[in-house]
Amino acid sequence: MVQNLKRYEKVENTFILRVPTKQITVMYDPHRLEEHLSSGKDFPSPDSWEHTLLYTAFISVNDLFVGKDVLMPMGKNPRNQNTKSSVSNNIASSLINEELDSLDENQQPAGYPTNESFYINNRGIAVVAHRVNQLKNVSFMGEDTITYPEVLEIHMDEKEGGNIDGGHTYKIILEQVQKMAKKEKKVNAFVRLEINVNLRDVTTFAAARNTNAAVKEASIMNSRGEFDTLKILLADLPFYERIAYRQNDKGIPIENIVEYIELFNQKKSPLYESEEMMIPTPVIPKQKWGASKKEILKFYSEEINSAIVEERLSEYDLMEPIIKDIFWLYTEIERNLHNIYNKYANGKRNANFAALAYVTRNETKEKSLASGKKYRQITTYGDGEIKDENVMPYVIDKGLVIPIAGMFRMLLDKDKETGYYHWIKGLDIKQHAGLIIGFVIEEAMKSVAEEGPDNYAKDRMTWKNNLLTMSQYRMRLSTKGVVPS
């Protein structure tokens, strides 16, 4: 009896894909299989096996396209797929070669661009499923005249399953099949499909399968849900939608955001070497500039996971009261550094930021506003829109902003009872930020002019001097109880 089914469907949180195939192999977890057989039991069937199963099949690439804009789940794939990259172009060219058109029985072009080595030269596609059924005698709705003797029915959880490895291959196949369909052609090529069932640790599997092209650590962390805390903390900030969590995503790399937040982390870098010293020496954060992103992310990951195990708030949760302020500071420095310098630096000697040797105006022909202004950069942590309030009059290097923004860590305290971060008593950070920056800006500009922003930011003395200056300012504020206007 012929079963008439859809090529795909969604049932609650499950994506069901059905693909015809004439070759299916099933492999069992070898460790569990040895135990099973050594106990005298018969060889198991896939339906009764509770441990890992590995199905492999060769399927026509045409059968992966089941509808425009229809994708199997991709959330656990740590990479976002860039189909315009050189790797993707190579996959496309290895799949489609219209000069090698299949021939019909009369040795005439049959309208099937072919590459018969694609299934060998390409690694294929690996998916994670929670159930696989092997169906017999299936026709698909709208294709009632064709009956397929064998069809694989793959059940994938939309959050925990789906395409784990081979995302580029999958998306390129869909693009090329659609492209050929417009020319009324089908692609005569097969791809290897690997289906993993009953996997216990999908994230580790995804990470292992993607090591051949160096998946960024942040992509793996995102697939494990380790940035969920930051996603909550940053949700109301203007740049939230621009954050790039996965490799090849466009936007602000999450690594840069973590690196900046860590400057203010008092658990990782306490304010002082010793509170008992007559003149407390500030601790210079290890991640001050140019530090290994891997090490920074490692500390973040350890803190997030230990907080879960210990059933406590993470240090990042405790930073919630200051999160908006520290990103406001960064933007304030980028947009107004020239004004702050001109107002406070060099006493009354008519300071001119534009005259500094390393300063360049933020002008270019590449982009322009309705107002006629042209620019090279917009503020890092703005909403990314092309509008006047996001434009910086001068190019402000990150190496200049970070040491100045980072010194504000000396004006933080933690509540002794709750552990939450707060600015020292009497400080209105938005009202007095420009004045405070004025205390260090002249020396900063002199150093930058001599060394350049990158060397300035890497110089340990830069950080020591800035933090000492801010520490002294903190002590001055603490004696007065309020911030001077």
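## Aromatic pairs and nonpolar cores

There are 16 aromatic pairs in this structure, which is a predicted model. Two of them are set out below.

| Pair | Geometry | Centre to centre | Between the planes |
|---|---|---|---|
| Y8 and F15 | stacked | 5.6 Å | 20° |
| Y28 and W49 | edge-to-face | 5.2 Å | 85° |

Let's take the stacked pair, Y8 and F15. F15 is buried, at a relative accessible area of 2%.

Now for the edge-to-face pair, Y28 and W49. Y28 sits in strand 4 (residues 24-28), while W49 is in the loop between helix 1 (30-38) and strand 5 (53-60), so this pair ties together parts that are 21 residues apart in sequence. Y28 counts as buried, with 12% relative accessibility, and W49 is buried too, with a relative accessible area of 7%.

Rings also gather into a cluster: ring pairs link F239, Y260, F264, F327, Y330 and Y381. Over at Y245, the ring has the charged end of K231 sitting over it, 4.5 Å from the ring's centre.

On to the cores. The largest nonpolar core has 73 residues, and F227, I257, Y260, F327, F408 and W423 are those with the most contacts inside it. Helix 11 (residues 320-344) gives this core the most, with 10 residues. Apart from this core lies another, of 37 residues, including L33, L64, Y170 and A189.

What is F408 in contact with, leaving aside its neighbours within four places in sequence? Its partners are F264, L329, W423, I429, A433, I436, I437 and M470.

Terms used:
Residues numbered from 1 in each chain as written. Predicted model: local features only at pLDDT ≥ 70, side-chain atom pairs only at ≥ 80, totals over all residues. Heavy atoms only, no water. Core = buried A, V, L, I, M, F, W, Y, C linked by side-chain atoms within 4.5 Å. Buried < 20%, exposed > 50% of the residue type's maximum accessible area, 1.4 Å probe, protein only. Helix = DSSP H or I, 4+ residues; strand = E, 2+ residues; numbered from the N terminus. Contact = heavy atoms within 4.5 Å. Phe/Tyr/Trp six-rings, centres within 6.5 Å; stacked < 30°, edge-to-face > 60°. Lys NZ or Arg CZ within 6 Å of the ring centre and 35° of its normal.
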